[in-house]
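Here is a short tour of how the chains of this assembly meet.

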Amino acid sequence: MSPEVNSNGWEPRIIAFFCNWCTYTAADLAGVSRLRHAPNVRIIRLMCSGRVDPQFVLDAFVQGADGVLIGGCHPGDCHYMEGNYKALRRFRLMRRMLENMGIEPQRFRLEWISASEGERVRTVVNEMVETLRPLGPLALPQQRVRWDEELHEHVTDEKEVKSHAG
Amino acid sequence: MKRYLLYPGCSLHSTGKAYGESIGAVFSHLGLELSELKDWNCCGATSYASIDEMEAFSLAARNLALAEQQKDGERPDLVAPCNACYLVLTKTQQYMTQYDNVRKTVDRALTEAGLMYRRSVRVRHPLDVLVNDVGLEALQQHVKEPLNGLRVACYYGCQVVRPFGLIDDKFHPTLMDRIVEKLGAEPVDWSLKTFCCGGSLTGTIPDAGLPLNRSILTEAVRRGAGVIVTCCPLCQFNLECLQNKLRARYGLSVEIPVLYFTQLMGLAFGLDDRALGMQRLFVPVPRRWRVLKGGDTVHA
Amino acid sequence: MILWPMLGFIRGKPHADPRARMRKLKYEKELDLAFGEHVAAKAYGQKLLSCIQCGTCGSTCPLSDYMDYTPRKIIAMTREGFKEDVLNSLTIWLCASCYACTVQCPRQIHITDVMYTLKREAIAAGVYPRRYPIPVFSRQFFDLVRRQGRNSEGRLLLKFYLKTNPFRLLSQAWLGLRLMWTGRFSLKQDRVHDMQKLKRLLAAAAPSKEVPS
Amino acid sequence: MPDKPKVAFYWCASCGGCEESVVDLAEDILFVVDKVDILFWPVALDFKKSDVEAMADKSLVATFINGAVRTSEQGEMVRLLRRKSQLIVAYGACAHLGGIPGLANQFPREQILRYVYTEAPSVVNEEGTRPMQTWPHNGAALHLPEFHQRVRSLDQVIDVDYYLPGCAPTPRLLKEAVIALLSGQLPPKGTVLAPDVALCDECPRKNSKPTDIAYDRFVRPHQVQLDPEQCFLAQGVVCMGPSTRGGCEALCVKGRMPCTGCFGPTSRARDQGAKMLSSLASAMTATSESDIDRTLDGIPDPVGTFYRYGLPASLLRGRVLQTEEKESP
Amino acid sequence: MPDHNGSIRIGFYICHCGHNIAATVDVEAVARYVSGLPNVVVSREYKYMCSDPGQELIAQDIHDLNLNRVVVASCSPLLHETTFRTAVERGGLNPFYFQMVNVRENVSWVHEDRRAATLKAMDLARAAVHRVTFHKALERKFVHIHPDVLVVGGGIAGIHAALTLANSGKKVYLVEREPTIGGHMAQFDKTFPTLDCAACILTPKMSAVKAHPNIKLWTYSEVSSVEGYVGSYTVKVRRKPRYVDEELCVGCLACIDECVYKEPKYADSFNLGLSKRKPVYLPFPQATPKIVVIDPETCIQFKSGKCKQTCVEACDREAIDLKQAETVEEIKVGTIVLATGYKTFNARRTPQYGYGRFPNVFTSLEVERLINASGPTGGHLVTREGREPRTVGIIHCVGSRDRNTNRWCSRTCCMYSLKLAHLLKEHTGAEVYNFYIDIRAAGKTYEEFYDRLLEENVHFIRGRVAEVTDVAAIPEEEGHLIIRAEDTMIGVVRRIPVDMVVLAVGMEPQADAGDVRRLFNISCSTEGFFLERHPKLAPVETFTDGIFIAGACQGPKDIPDSVAQAGAAAAQAQMLIDKGEVELEPNTAFIDEEHCSGCKSCIPLCPFHALSFNEATGKAQLNAALCKGCGTCVAACPSGSIQQNLFEDSMIFGEIDGLMNMVYETGKEVADVA
């Protein structure tokens with residue numbers, strides 16, 4: 001999803017990793033109950049929040065997400081006993097790292113949402129969208145393009161470089 | 001030694017003088033330091049909010065901010081003996097956290113007044129402090145003249161236990177009863193502990209306010225109470241000072257002393273009458289509480 | 001009903017006799033359909049709209065006996081936009097803020113706040129019963145605190161009776177004297193030192209300046 | 001005699017250790033020298049850029065470039081060498097992943113320059129003089145290379161054919177690489193010339209690692225008395241071995257220090273650091289946020305720990321520039 | 001791009017779902033957009049993809065256009081993933097070359113802005129199209145279903161489920177926590193609206209359970225552990241010692257007569273403490289099994305060890321065994337039916353009604369016992385003072401429809417209150433007042449029963465009671481309890497003096513519902529009742545295959561509904577058993593053994609012990625049978641050497657990259673989005 005697509009200016013783009021048993025089901029429930037909420041979230045379904053590989057989170061940001069949301073079962077309720085605890089620990093460590101790397105903590109969120117909490121899905125999504133707005137776009141892809149401009153400044157033969165570095 | 005800030009509110013400076021005096025006496029007897037909040041202002045009570053709510057919240061919040069200022073650093077315990085003050089202060093705290101518009105407006109108002117509230121104040125009612133900080137056992141230690149045989153109706157009034165204080169059951173609180181027991185007296189079980197005393201209506205619309213009052217007094221006596229103790233200046237005023245009028249115009253058939261629970265404690269601790277403001281009572285306690293044994297009240 | 005003589009104070013109001021208060025036919029055009037949501041928003045939360053008319057408030061209220069409408073009816077009418085009837089009612093002024101209804105309401109409606117809101121609406125609309133004691137009392141209290149930062153019960157009562165019914169002052173004299181003897185009553189004005197700052201605080205909180213949530 | 005394949009060595013942002021490692025070939029260097037003609041090697045032999053420019057394109061069989069790319073000059077040189085060489089080998093961690101210099105990507109350029117030229121405690125520079133890119137010198141203009149915003153691994157600037165990992169690559173790896181080149185039996189382009197299995201596989205302490213490891217604390221080597229036999233992780237010391245390519249024969253571990261990850265990730269991981277932190281965090285004992293945070297305090301510098309050699313080549317590549325940090329041109 | 005036979009050929013299908021999707025998402029635009037994406041051979045929109053023609057469409061295209069990947073954008077995969085996989089398979093393609101896009105629950109149903117919704121649908125479609133290119137062919141996985149069933153809870157629901165299964169020839173283990181089965185129904189006097197006596201219809205079923213050859217009845221027992229998965233669960237059952245040998249005891253009750261306690265002394269829990277029992281007791285006359293229990297809490301022998309043990313002597317069959325210890329049975333079952341029931345609301349939580357303060361305030365359940373012929377008063381309804389009440393007030397919705405206690409409607413209270421009203425009037429001729437908020441009589445012949453009560457001139461006051469007080473306002477109220485409520489129909493507050501107050505307490509989840517659900521690894525709804533897989537289409541299934549729920553443990557329910565649900569649950573279990581096997585998601589993890597370094601990081605992470613270290617190879621190894629497919633180890637493998645079928649890194653990265661990818665120039669297509 002590209003930032004240009006929305007006619008009325010920039011819209012935060014959030015990638016959500018939801019566990020199959022609780023949060024994804026809750027999202028379905030939100031649907032069944034027609035709980036309208038912000039269209040900024042794209043859900044990726046995993047079996048368990050324990051499957052969320054920190055690489056996914058980083059890749060999401062690098063590919064242009066403005067926020068990443070992880071949804072899992074409440075502590076003690078994990079369908080696989082303790083996957084959500086592993087998710088929580090990774091989350092806490094990731095958060096520290098991301099902060100060092102200049103990514104605001106509000107952009108990365110972990111929520112426990114049980115299968116019956118469709119309402120919570122709505123609240124969390126809307127909340128997160130609202131907290132992201134003031135932060136503005138993270139826009140790493142665009143930033144990367146800007147950085148790489150400096151590579152071409154002194155290039156005598158554009159073609160040359162392309163043929164190799166392209 | 002724990003230190004507390006006192007928020008007297010308007011009543012403790014007039015009709016409720018005895019409440020302030022007895023609290024002072026009891027607290028210092030228990031070795032609790034209690035100093036009055038400097039330059040406090042009216043909490044807004046119920047009337048102010050009827051005209052302008054945000055101003056009312058801001059008024060209340062000013063006291064909270066002052067408390068922080070005067071306690072600089074350490075987390076202040078602000079003791080509000082008047083039920084109305086207690087409710088308004090706790091309500092203000094809760095609404096400031098719960099509702100954006102209140103928080104924003106009040107915070108801005110405080111800034112205008114060169115103040116700021118860091119949400120650190122604990123608003124306490126004397127009941128809460130005495131039972132939860134001091135502890136019933138500790139209180140019992142200080143009893144010199146146990147009030148054996150005295151039957152006491154504990155009247156809490158409406159605002160101390162609901163809906164923000166949450167220090168006791170909303171309908172049948174027991175904090176005061178538990179204290180009274182420790183004093184050697186016997187709390188009567190009755191159903192009007194939190195029944196409205198009429199509040200300011202006794203003044204504005206007596207025909208609506210006073211009957212409420214009457215039923216409380218009658219029920220207390222019917223339950224064999226020799227004395228009513230209360231923890232709110234307005235309740236105390238309504239219940240005690242209007243008994244004549246009630247007899248004259250609303251067919252009240254009984255007379256019963258109405259003390260602040262702190263006065264009763266003072267008596268049991270063997271403190272001096274004047275220190276407890278006993279002389280300010282309309283319905284005096286005949287030859288102190290002893291004659292009240294068995295609840296044989298002087299019926300008018 | 002003992003209360004009716006009291007109501008004599010509201011002169012020239014069609015609402016003087018509550019029995020004649022509510023017509024049995026209403027046209028939709030007489031109603032203000034936005035009123036319900038408006039009040040709900042002002043009185044903290046949309047909960048008002050979730051009222052199921054169970055009547056707990058009415059039966060908890062120690063004063064419903066003296067009200068022209070029970071609180072339940074007030075909420076129903078507010079919800080349905082019976083603005084005029086609601087703002088003219090005595091109910092809202094009789095609420096003693098004992099919060100009994102609020103803690104019992106099965107829908108957790110902040111009924112006391114609803115009453116406060118309605119009082120303010122009534123004042124704003126200028127339809128509240130002018131010489132009905134309670135609004136007068138509130139106004140006296142308000143002015144006093146605004147001016148002094150504190151309320152002094154003595155003066156408040158004095159002013160109040162002068163405004164409403166001077167004769168009752170006499171009936172209160174005995175009480176007043178006893179209060180003085182016992183040192184529980186004085187006319188001396190208790191006030192906040194730092195009034196300028198307090199005034200600024202109040203100015204900043206004025207309705208016009210309220211920060212929307 | 002038939003002319004031998006021509007090769008070149010070049011260095012960019014590097015410590016020189018990689019050059020050392022070439023010399024470390026010891027007697028084997030002779031074997032190399034005997035097999036190839038080294039046409040360009042600034043560290044060892046005196047050549048000029050012009051000499052390289054003079055060469056015909058693709059006339060070099062292979063060029064070994066070490067060091068990361070941070071300046072316009074380095075950029076220019078590697079592009080030039082790319083033109084002249086048939087094969088480019090990124091030599092060593094810095095060329096491969098950005099290396100230690102890459103840690104600079106945690107800070108905006110301006111902050112670095114400010115620190116280096118004014119704020120560093122050892123610096124005396126009242127006028128706050130800074131190197132200028134161009135300086136008028138009697139009529140002519142002198143040029144200095146531009147200091148880029150970012151440190152880059154070699155393949156982020158030019159096309160790279162092979163990688164020799166390590167800080168520095170071991171002589172064995174280099175020798176094998178050269179032999180492979182000469183023999184012409186080349187692995188697929190883009191291959192990292194080291195085993196694709198993590199270090200633990202060849203670690204002497206492998207067997208001392210329990211199968212039920214659970215971290216209730218993390219410590220750094222200097223903080224505790226370490227058991228010289230037991231797996232570092234089993235002792236709560238972060239060792240990057242599990243997420244780092246083998247091939248170094250566990251030199252550091254044999255030297256009684258934990259692996260810090262210079263060989264980079266395996267081909268199956270996109271981000272070495274993320275993988276390692278995931279593995280460590282997953283196996284912690286704490287369950288409450290506060291306990292978790294307390295345990296994590298044992299890793300005071302996550303970026304420095306998990307990305308010591310790989311920051312520029314990691315997914316994020318470095319600190320995200322916040323608007324207030326963006327520099328005015 | 002990964003290994004795949006030749007070029008990737010994707011078929012994309014987006015479903016209108018009538019208007020459900022099409023109303024909010026411009027499906028034509030999405031189809032058009034996707035047709036322009038790489039590898040997409042065909043892109044269609046269709047009214048109902050899940051319909052036969054819809055599925056046929058897919059199969060046909062696979063055949064005609066030799067597609068090797070399929071993406072369907074419709075509802076939630078939780079609903080129709082299997083449907084479409086089967087369709088794909090029918091087309092002759094491996095069912096796992098399929099990816100589903102949720103554009104209904106996740107898009108059309110939760111968004112209004114047609115443009116935004118359509119763009120989101122495009123993103124999701126693009127992601128799936130990109131992801132599916134990385135998919136691989138997988139084996140379908142089946143497991144055998146063990147034919148035995150475990151039924152937990154011996155209330156009417158559990159009893160009915162057990163009997164249904166047993167009668168169809170299945171072996172059933174029925175586990176009940178109490179010493180007897182029967183549950184709440186056994187405590188009731190009559191049942192609404194037919195007023196037939198609860199015991200009369202229940203006890204035959206109870207004895208049928210006891211007598212049934214296919215039912216193993218374990219009372220006074222609790223499930224302590226559950227392991228395994230659908231088809232083969234290993235369950236441990238804790239059997240508490242009742243200090244009486246079940247084989248020997250014939251229920252002659254001689255032991256009770258001979259107990260050293262001549263008079264019953266302890267609160268009788270079956271009668272809710274309204275009567276007393278001895279330490280050795282039978283819960284109630286028709287208890288099943290009819291075997292006495294000895295309560296160690298109250299038995300002298302256990303308290304002091306100095307009892308004459310007259311009970312032991314009294315038993316000529318020597319059934320009493322005071323040394324009896326707890327035992328644990330381990331059983332294997334394929335399916336489980338949970339019917340653990342409910343508990344009644346604790347009336348003390350509504351202090352304004354004075355329960356516990358005023359002796360004559362009773363709960364509805366207590367009254368059931370009082371009017372029951374075998375109850376503490378022999379069916380003679382009296383106040384605590386032993387007088388027949390002249391007026392009775394029944395307060396509805398106690399602990400129901402109340403945000404301060406429980407928000408939900410307990411569904412049964414209206415009807416049982418009507419029943420009690422009738423019975424009270426019948427027994428005592430008292431004036432009966434019902435205080436209600438709304439009368440909910442939505443059941444077969446329920447409304448007619450309400451009519452009948454009205455005609456019996458029972459008072460119905462529409463108003464929620466504010467308080468029950470003992471403070472008389474007028475002399476006439478003296479000595480009564482006064483109920484204060486607003487008669488909202490008339491619009492006045494009424495004070496009604498009564499001799500007895502009945503609190504119609506609501507239904508709540510069992511206190512330990514949380515533990516039970518963790519034990520069986522199912523979910524609960526927010527209020528704590530067990531959560532069904534789908535509110536309409538899978539009311540007795542849970543999110544854990546092979547575990548079904550019946551009766552009030554799923555939500556407040558009356559007897560007919562509980563029985564119906566029990567039947568449904570039994571049928572579900574039976575269906576699995578008769579099918580003999582069930583398909584499992586093949587989403588288990590697998591190890592890249594060639595590249596695993598044997599760092600052992602993954603091994604402690606698996607709660608199911610599917611991972612172990614192979615000393616011989618020096619690498620980790622995975623037991624697919626034990627792997628439940630959470631993927632935690634995959635995310636944690638530091639060298640990326642573990643992967644998960646259907647959720648391989650490449651696929652997830654594919655999805656992310658696809659979602660965010662901008663090379664497809666989304667901007668252009670959206671120009672013609674409606």
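## Before the numbers

Buried area is the accessible area, taken with a 1.4 Å probe, that two parts lose on being put together, summed over both. The size of an interface is often given in this way. Everything below comes from a predicted model.

## Which chains touch

Six pairs of chains are in contact. Among these pairs, chains B and C share the most contacts.

Some pairs stay apart. Chain A does not touch chain B, and their nearest C-alpha atoms are 15 Å apart. Chain C and chain D do not touch either. For chains C and D, the nearest C-alpha atoms are 29 Å apart.

## Chain B against chain C

How many residues does each chain bring to this contact? Chain B brings 71 residues, and chain C brings 64 residues. Together chain B and chain C bury about 6200 Å². Carbon and sulfur atoms give 62% of that area. Three residues of chain B stand out: I51(B), T204(B) and F282(B). They supply 11% of the area that chain B buries against chain C, more than any other three residues.

The most come from α5(B), with nine residues. By class, this side of chain B has 34 nonpolar, 20 polar and 17 charged residues.

## Chain A against chain D

Here 39 residues of chain A are in contact with 49 residues of chain D. The two chains bury about 4300 Å² between them. Carbon and sulfur atoms carry 58% of that area.

Seven salt bridges are found across the interface of chain A and chain D. D59(A) forms a salt bridge with R270(D), with the closest N and O atoms 3.4 Å apart. Which elements of chain A supply at least two residues to the side that touches chain D? They are α2 (54-63), α3 (83-100), α5 (140-152) and α6 (158-165). The largest share comes from α3(A), with 13 residues. By class, this side of chain A has 18 nonpolar, six polar and 15 charged residues.

## Space inside

Rolling a probe the size of a water molecule over the atoms shows where empty space is left. The structure holds 19 cavities of 30 Å³ or more. The largest cavity has a volume of about 300 Å³.

What lies around the largest cavity? Its lining has 21 residues. Nearest its centre are R45(A), P77(E), Q99(E), M100(E) and E655(E). Four elements each supply at least two residues of this lining: β2 (41-46) of chain A, and α3 (77-90), β4 (98-102) and α5 (114-132) of chain E. The most come from β4(E), which gives five residues. By class, the lining has 11 nonpolar, four polar and six charged residues.

## Backbone details

In chain D, a cis peptide bond joins C167(D) and A168(D), with omega about -5°. A168(D) sits in the loop between β9 (162-164) and α7 (171-183) of chain D.

Chain E has a cis peptide bond from F192(E) to P193(E), with omega near -15°. P193(E) lies in the loop between β8 (190-191) and β9 (196-197) of chain E. L195(E) is also placed in the loop between β8 and β9 of chain E. Phi of L195(E) is near 60°, a positive value in a residue other than glycine.

Methods
Residues are numbered from 1 along each chain as its sequence is written. Chains are lettered from A and ligands numbered from 1 in the order in which they are written. This is a predicted model: local features need pLDDT of at least 70, side-chain atom pairs count only at pLDDT 80 or more; totals for chains, interfaces and linings use all residues. Side-chain values use heavy atoms; hydrogens and water are left out. Contact means heavy atoms within 4.5 Å. Ala, Val, Leu, Ile, Met, Phe, Trp, Tyr, Cys and Pro count as nonpolar, Asp, Glu, Lys and Arg as charged, and the others, Gly among them, as polar. A salt bridge is a side-chain nitrogen of Lys or Arg within 4 Å of a carboxyl oxygen of Asp or Glu. On a 1 Å grid over the protein atoms alone, a cavity is a set of points where a 1.4 Å probe fits but cannot get out, and a pocket is an open set with protein on both sides within 12 Å along at least five of seven lines; lining residues have an atom within 4 Å of a point. Grid points are joined across faces, edges and corners, and a volume is the space filled by probe spheres set on the points.
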